Amino acid sequence: MCLSSIYIFLVGFSNYFFFKVSSSKPEFSLEGDYLLGGLFAIHEIEQTTPLFFPETTDCLRHSFSKSAYQMSQVMRFAVEEINNSTTLLPNVSLGYEIFDHCSNTKNFPSVLSFISNNGSIKPKEKLNNYRPKVIALTGPYGSTRTLTIAPLITTGLIPLVNYGATSSALSNKLQYPSYVRTIPSNKNLIEMIVHIIRWFGWNWVAFLGSQDDYSSDGLKLFTKYISNTGICLAYQEGLSLNANYSQTLQKIDMLNINVIVVFALTQYASKIIKTAIANNIQDKVWIASQTWAMDQQLPREPGIGKIGTVIGITERLLSLPGFNEFVYKDRRTTDVNRNEESDIQKSKTCNQVCGYCTLLTAKDIINENPTFSFAIYSAIYTIAHALHKVLQCDMNGCRKNTVVKPYMLLGEIKKLDFPLNGRRVKYDVNYDPTINYAVVLWHTDVNPPQFEMVGTYDTYPEVTFTINNSLIPWHNSRSVPFSNCSTECKEGFSRQPEGFHSCCFTCKKCQFNSYVDYSRDPYTCFPCAEHEWSDEGSTTCKTRSVVYLQFTEISSIAVMVSATCLIILLIAILCLFAYNYNTPLVRSAGGSMCLLMLICLIMSSISTFFFFGKPTFSLCLLRNAIFSFFFTVCLCCLTVRSFQIICVFKMAAQFPKVHSLWVKHNGQWLFIAFSSFIHLISCVIWMTVSPDKPIADSWTFKDQLMLICEMGNTITLAIVVFISWFLGFLCLLFSYMGRDLPKNYNEAKSITFSLLLYYLTWIIYFTAYLSVKSKYIILLNAMAQIASINGILFSYFIPKSYIMIFQPQKNTPAYFQTSIQNYTQTISRT
């Protein structure tokens with residue numbers, strides 16, 4: 001350690017000996033009516049080493065930064081330009097004190113000098129009486145340095161118009177009330193980085209920074225802004241200058257991360273890039289933060305073209321007209337002063353000593369990184385415009401007798417809105433500027449390397465972000481590099497999480513009647529609503545077409561017309577039978593029982609009209625219940641009628657007492673009443689326990705919502721059907737037994753035909769109902785009812801009506817007596 005200290009001392013001494021001309025005082029200071037402060041890291045302490053004995057830090061002994069020196073020249077240029085202006089601060093001159101801010105501890109004397117009044121600081125002095133040495137200052141470069149000194153400066157509300165500290169913490173006006181910056185904060189820079197990552201569809205990225213306030217603030221903001229964006233932070237690390245950079249890059253390569261955000265100061269970014277070249281890390285996308293996006297040395301590194309594509313983010317570069325001429329003129333003056341020892345004077349403080357400064361040529365200064373040039377330029381102009389307002393200047397001059405306090409400038413800065421080299425300079429409530437970012441692409445395949453603007457991000461006058469993809473060659477490939485943990489799922493596939501990161505997943509196709517909405521949740525297949533449907537692997541649901549048997553359909557009209565004709569015919573026959581009530585034909589057909597049957601058939605026909613239109617609870621209840629009850633009553637009458645004929649002709653003689661009781665107590669009506677009551681009770685139970693009700697059938701057809709009536713409870717329905725079918729069976733049995741009765745009383749053929757038609761139609765209906773699902777099944781139900789009614793009508797009533805109308809001679813007592821006598825003679829012979 002002792003030898004290294006001696007070596008450093010000798011190097012510093014030799015530098016001082018050979019370049020004895022420490023820059024003349026105007027290089028770091030200038031007299032004026034109002035003094036500005038400037039802090040620039042003209043020398044950089046790359047690494048702090050522990051010392052065995054107390055030792056002060058001389059900036060001159062450390063690495064010289066041409067970029068920082070150029071920044072100080074921009075400040076000098078801006079002050080000179082303002083002093084020569086006839087419109088801004090006329091007849092008022094600005095002066096400056098510039099210090100080399102190489103370390104926080106070394107620069108506290110300079111900061112204390114800025115805030116002192118005649119070399120002393122009075123902590124308890126009232127703000128109205130406080131008049132520090134400078135009215136405002138700019139710098140230093142870097143968030144950590146600024147956060148260290150900012151409390152000292154902002155306590156007295158001295159405007160600290162900063163050009164190079166981007167930490168979002170400095171936007172807190174409760175802690176830093178007089179902090180103003182002309183460069184966007186980390187918040188804006190991270191938003192820009194996230195915009196770029198999302199623009200190209202990446203979600204598997206690494207974030208490398210350094211162990212300082214700048215990088216830690218950037219990492220915190222990056223983690224915050226990528227939440228709920230689908231971007232995963234696959235790897236992160238804050239590096240020191242002594243860290244194992246090779247191991248870090250190897251980990252990134254093993255994780256297949258192809259996009260690396262390097263959010264660090266230039267010296268750290270330089271080590272990362274050089275290590276990537278040395279370790280043959282290839283075909284990556286490097287996103288450079290503003291600190292090194294326009295670095296002039298890194299693009300010249302041999303082999304840098306192999307590491308991939310470097311995309312930088314920087315403020316939109318603006319030229320400073322007259323700056324080059326200022327530098328050339330200043331260099332000529334410096335060259336003369338270097339040979340005139342009479343002009344040499346030692347600086348008052350050691351951090352205003354710069355042996356290397358006079359060795360720089362005008363070209364060296366002009367070609368340095370211009371990233372922060374406009375920020376420094378606008379910082380000086382911001383102070384000048386605020387002072388212009390405080391002094392109430394006009395074309396004739398300024399009120400120099402006005403006592404200017406630093407806090408007065410602060411109040412005016414918030415109101416500023418002025419053009420500067422084609423850009424608006426204005427500040428928000430946190431004293432942060434408008435955003436004018438540029439996305440620059442490094443072209444390292446040309447000499448000298450070039451920076452091409454391929455995208456922009458602006459917040460004034462409106463927020464706009466765009467990148468010209470065609471300008472990016474993507475390290476000799478035309479396609480955007482892939483940097484995702486998993487390949488994006490195909491359309492209609494949901495993500496199934498795999499591992500810790502949400503970006504790592506497998507894909508699963510969504511089933512029928514479900515869909516995946518990537519904007520809502522790409523990890524879930526959402527079920528479609530009841531009125532919607534979807535195919536397998538869908539991203540949206542389609543609206544089902546609502547289907548039911550409408551009144552206006554041709555088939556519906558045909559059935560309703562036939563039902564209407566049937567009702568008219570039944571009413572006509574009822575009138576005919578009522579008119580011929582006392583004739584033998586009507587008496588033999590059942591008399592009043594015949595009229596009851598016709599009325600029941602009319603009522604059964606009415607139920608047909610309840611099958612059409614949108615199903616409701618009432619329609620579902622009435623369409624089958626009315627038919628079932630009244631048609632069963634009709635079957636009761638038919639059964640009794642068949643039994644009575646057999647009883648008269650065959651059982652009366654064999655069982656006279658039974659026949660006597662049947663006739664005496666009106667057995668036929670008791671049977672009809674009893675059977676009808678039992679069936680009525682079964683219908684009531686069916687309609688009460690589990691009635692027919694409208695439902696929306698969404699499972700039969702994927703694209704249809706079929707409105708139908710549910711049949712209700714199977715057991716109660718079976719009881720209702722069984723009673724009807726059992727009565728029909730008895731009717732068939734009795735009619736078969738009377739197949740040899742007189743012709744006028746023999747109803748076997750007609751009843752058999754009508755009941756067979758009844759059974760056949762309903763067997764067809766129930767078979768179709770169980771095997772086929774369609775709205776036309778409802779139509780088949782209505783047709784089964786009509787067919788059942790027509791079977792009785794045309795086999796039982798129409799033949800009798802025909803005799804009444806066209807063969808009245810057969811409707812006489814004599815004709816019927818002849819038939820009975822012939823039957824008796826036939827029976828006696830056998």
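**Reading the labels in a predicted model**

Biologist: How many aromatic pairs are there, and by what rule are the rings counted?

Modeller: The count comes to 36 aromatic pairs, where rings of Phe, Tyr and Trp (its six-membered ring) pair if their centres lie within 6.5 Å. This is a predicted model, in which local features need pLDDT of at least 70 and side-chain atom pairs count only at pLDDT 80 or more, while totals for chains, interfaces and linings use all residues. Residues are numbered from 1 along each chain as its sequence is written, and side-chain values use heavy atoms, with hydrogens and water left out.

Biologist: Why is the pair of W202 and W474 called edge-to-face?

Modeller: The rings of W202 and W474 lie 5.7 Å apart, centre to centre, with 85° between their planes, and planes under 30 degrees apart count as stacked, over 60 as edge-to-face and the rest as tilted; the pair is therefore edge-to-face.

Biologist: What makes β10 and β18 the edges of their sheet?

Modeller: Eight strands form an open sheet of mixed pairing, in the order β10-β9-β11-β12-β13-β16-β17-β18. β10 (232-239) and β18 (464-467) each have a single partner strand, so one side of each is left without a neighbour in the sheet. From one strand to the next, the twist averages 25°.

Biologist: Why do β17 and β18 count as paired?

Modeller: Strand β17 (residues 450-458) and β18 run antiparallel and share four bridges, and because DSSP needs to find at least two bridges for a pair, they qualify. T456 has T466 of β18 as its bridge partner. Helix α5 (residues 186-199) packs on this sheet, touching strands including β9 (204-210), β17 and β18, and its direction makes about 45° with that of β18.

Biologist: Why are α15 and α21 called roughly antiparallel?

Modeller: The axes of α15 (residues 592-606) and α21 (residues 776-806) come within 10 Å and cross at roughly 155°. That makes α15 roughly antiparallel to α21, because angles under 35 degrees count as roughly parallel, over 145 as roughly antiparallel, 65 to 115 as roughly perpendicular and the rest as oblique. In their contact (heavy atoms within 4.5 Å), residues of α15 including M597 and L601 meet residues of α21, among them I789 and F797. By class, this contact has eight nonpolar, three polar and no charged residues.

Biologist: What makes α7 and α8 roughly perpendicular?

Modeller: Helix α7 (residues 245-254) and helix α8 (residues 266-278) pack at an angle of about 65°, their axes 9 Å apart, and α7 and α8 are therefore roughly perpendicular to each other. Y245, S246 and L249 in α7 meet Y268, K271, I272, T275 and A276 in α8. These residues divide into five nonpolar, two polar and one charged.

Biologist: Which strands form a hairpin, and how many residues lie between them?

Modeller: β21 and β22 form the hairpin, with three residues between them. Strand β21 (residues 514-517) and strand β22 (residues 521-527) pair in the antiparallel sense over four bridges, and Y515 stands opposite F526 in β22.

Definitions and conventions:
Axes fitted to C-alpha atoms, helices over the stretch in contact; angles between N-to-C directions. Helix = DSSP H or I, 4+ residues; strand = E, 2+ residues; numbered from the N terminus. Nonpolar A, V, L, I, M, F, W, Y, C, P; charged D, E, K, R; others polar.
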